[in-house]
Amino acid sequence: MSTRYFGQRIKRNEDVRMLTGQALHVDDVNFTDMLHVAFYRSRDAHGYIKDIDVSAAQEREGVVAVYTAEDLGDYWQPGPLLVPPPPTIEGLIFHQRTQVPLAKDKVRFVGEPIVMVVAESRYIAEDAVGDIWVEVEALPAVIDIEQALNEDMPTIHDDLDSNMAAHVVQKKGNYEAAVQQADLVIKRKLKYDRGTAAAMENRGIVAQWDAKSQKLTVWDTTQAPIVIRNGLAAMLGLSEHQVRVIAPFIGGGFGPKIMMFYQEEVLLPWASMKLNRPLKWIEDRQENFFATTQERGQVHEAELALTNDGRILGLKHNFIHDGGAYIPYGLTIPLNSQANALGPYATPNYYSEFKVAFTNKPIVTPYRGAGRQHGVFVIERLLDLAAKQLDLSPIEIRRRNFIQPEAFPYNHEIIFQDFAPLVFDSGNYEPALDMAIEMIGYEQFIKEEQPRLRAEGKKVGIGVAAYVEGTGIGPYEGARITVEASGKVSVASGIGTQGQGHFTSFAQIVADQLGVDVRNVYLVTGDTDQFHWGAGTFASRGAVVAGNAIHSAAVEVRKKILKLASEKLEAAEEDLELADGQVRVKGVPETAIKLGSLAVMANPLRGAVRPGTEPGLEATSYFGPESGTTASGVHALIVEVDPETMKVEVKKYVVVHDCGKVINPLILDGQIHGGVAQGLGNAFYEQLHFDENGQLLNASFMDYLLPTALDVPRMEIGHVETLSPLNPLGIKGAGEAGAIPAAPVFVQAVENALGDDAPEILEIPLSPNRLFELVFGE
Amino acid sequence: MNTLHTITVIINGQSYEREVEPRLLLSDFIRHEIGLTGTHVGCEHGVCGACTILFDDEPVRSCIMFAVQANGHTIMTIEGLTPDASEENLHPLQASFREAHGLQCGFCTGGFLMTLLPFLQENPNPSEQDIREAISGNICRCTGYQHIVDAVKIAAAKMEGQ
Ligand code: FES
Ligand code: FES
């Protein structure tokens, strides 16, 4: 019998290559005639470019070309708007301003590229950057996001009369009326500061124009190779078939490697065509702190109206979102924050207004969580504060407000980032809460452990927070599955992969349908010459959208196998089974035909392919969900705070997660672990410090603290499975869940540990020194 | 600055003689001159540990050494852990990483393996805390470390039996 792979902890197919140093990354691509690129980047956050002198750089031995904005001619165009604002939100204001390939008249953030140098080696290119002189007439930098919107601030985009990039109001019910009925209104201002994704692999591009074959090949650390291919072809005036974009193994994505059309991504292919030489640019870590997009900065003013027994009557949630200097990714992040502030709670009335501010800081685009955690932080904090006032436990107040299982699909009546109404497809929140409480040992901790440890002078605390995550949004993904003559099965799909285990989880889906060994399913992904329809890996959508496309293609191939085998074996299809890489009549092993042989029969060298049939055992399918599917969960943790230094140690961390049907629990656990580590980093270690001139003060791993193995606790994970009705496999996305509720649960536990003299913590990140200031005064 | 120096280095048991600029980083030498691209660079300032190699059997960060410093020395990189990069011949440490799902994007993995190899040789029975301390100089952004720690425990058990 064939083994069932779906739902099993299968070891990964891709590991061997990675473990032996044989996985191809962009910087591993080398050509003998390759040239290397480095950029002169703005040292000022804001100012007018007065003069650029590149003569010394041009004269340096080994320098092949030096380009400024002027040299680009018509190719100099602002980048595409990747996600337009939802057309269905009334009264929405949006000022599209996207990044330019090289700054022309004005610089808008430190690190913005101004000059591109091409040289025989990277060392020479960097030397030549040092030869360049750029004179900038500095303007005051717009850094603070609240002040950015003041009328007397200099404008970052001169043709606008303020730094407001967007303004959006969404509502449901009548919040003001809800306040009239409320027994309690909790009103607070909350802040969430900037961080960076810091994938271990920096970005990189290799572009190779081959004049003889008239083909451009680009190796790119992108999460969305197909979108990049189509865009580059259009920009360069080439046919899409002349451009091949390969996203090979990528050393972590987490969002910023999405289809950005980064300046370097647009410039290298152009210059490669001009010079007719392959070019390589590999970002260094310091550049990554400026040149790669970032996320987080928001300031919220929020109010929660409740009854005396802790039921939510309404939420008012106004905030400013820091867009950075350009907003190529539209409103995805603030729309996520707006939607996720509703959490898993039935909130009859909602009023939310946000403004996006241009600032003289690096561009903001989604990073794991993509604004969801900001909304979750707001609602979870307000619930904690309300619970305190009402003398309810943090658990009870959440339980009383959960959307009930029979209320799904639950329509929140606002528009989500995928332009569809925010409707939760399915959910069952209480079992996850109960499981988390049980796993963390809540009752026992509160009744016994905490009093005992407190008596010893230890400051220990517990926190529990819930969240939802909109995942698996459209538009669509596709896949082509082929049974090869060798019996191996190839799966071609368009999404890029950055460590999520796609080579394995997708193989599991196919192996089950076709009755083959999971190791004989070979995934090709991220190469536009292999498959060129699809969007990319973002918004926790890979497993849901591509997974279902692959499933559907596998079902089609299975049908073809059964049809052909039934002819060859002269048996009814119902009597056949697929197992061990063969198709056979059930219970009659000697009838077995190997799938490879059947594939050969399906592609004969003689004889016609009959009308209405196709050669080969192959099928292509697409899956495009109408709307996203909502995953959910509960995190709980126990912390100990050092009473003198305010250093916080996480003693125990529990995650209970519901992402519908799980394809591979081993991979899922890994996704959650990584997410929690990033969430904790965000809560307690990581913060980008910009001074008032827009200079980033901690642009190195020495100064920007990433959690190490000593900082991330051991985590325990529980699973609840509420199937999604929106796709045949019943799965929901999981990629971002670990990161989303880490901040509020952490803060709740720290407050609980500090006991009666705890300050109200309304900001993230909360470094040990910031906590110290909050407790002991600045 | 541009005068070339001839260096001889043994990498994964093979001797290489090359002419290099004195400023060439050892990591760039290994990756781009020799073509052993399994050694990755994540920061090029000595913090992330991705570029860790064994230098005369000691783990070092190849991004903060110059190639000329390797003249006459012996280096081992991730490619030296197995004879042929096949699944059957994985080193027990590599096999354990696979078993415990100790890698996701795999970019940091080489650095972890090269840090852990001498560690396990010296500490055949490490505690969880020992393991966490041993890898605290290697940053992984994907795994949250838990599965890496699990992998090391499995590897310790496997390697002890050898
Ligand atoms: S690349 Fe050498 S320590 Fe980071
Ligand atoms: S596996 Fe991606 S950085 Fe460690």
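1. A residue is called buried here when its relative accessible area is under 20%, exposed when over 50%, and partly exposed in between (1.4 Å probe, protein chains only). By that rule, Ala742(A), Ala743(A), Pro744(A), Val745(A), Phe746(A), Val747(A), Gln748(A), Ala749(A), Val750(A), Glu751(A), Ala753(A) and Leu754(A) are buried in H18(A).

2. A word on the basis: this is a predicted model, in which local features need pLDDT of at least 70 and side-chain atom pairs count only at pLDDT 80 or more, while totals for chains, interfaces and linings use all residues. Residues are numbered from 1 along each chain as its sequence is written, chains are lettered from A and ligands numbered from 1 in the order written, and side-chain values use heavy atoms, with hydrogens and water left out.

3. H18(A) is mostly covered, with 12 of its 13 residues buried. Just after H18(A), Gly755(A) adopts a positive phi of about 70°.

4. Now the interface. With contact meaning heavy atoms within 4.5 Å, 54 residues of chain B touch 58 residues of chain A. The two chains bury about 4,600 Å² between them, 56% of it on carbon and sulfur atoms; this is the accessible area (1.4 Å probe) that both parts lose on being put together, summed over both. Arg98(B), Arg141(B) and Gln146(B) supply 19% of the area that chain B buries against chain A, more than any other three residues.

5. The rule finds 8 salt bridges across this interface (a side-chain nitrogen of Lys or Arg within 4 Å of a carboxyl oxygen of Asp or Glu). Glu44(B) forms a salt bridge with Arg122(A), with the closest N and O atoms 3.3 Å apart.

6. Finally, do have a look at His157(A), in the loop between helix H4 (145-148) and strand S8 (164-172) of chain A. His157(A) counts as buried because its relative accessibility is 4%. The side chain of His157(A) reaches the backbone oxygen of Ala325(A) at 2.7 Å. Leaving aside neighbours within four places in sequence, His157(A) is in contact with residues including Arg97(A), Lys106(A) and Phe358(A).

Notes: Helices (H or I, at least four residues) and strands (E, at least two) are DSSP runs, numbered from the N terminus. A polar contact is a pair of N or O atoms within 3.5 Å; within protein, one must be able to donate a hydrogen and the other to accept it, and residues adjacent in sequence count only if both atoms are side-chain atoms.
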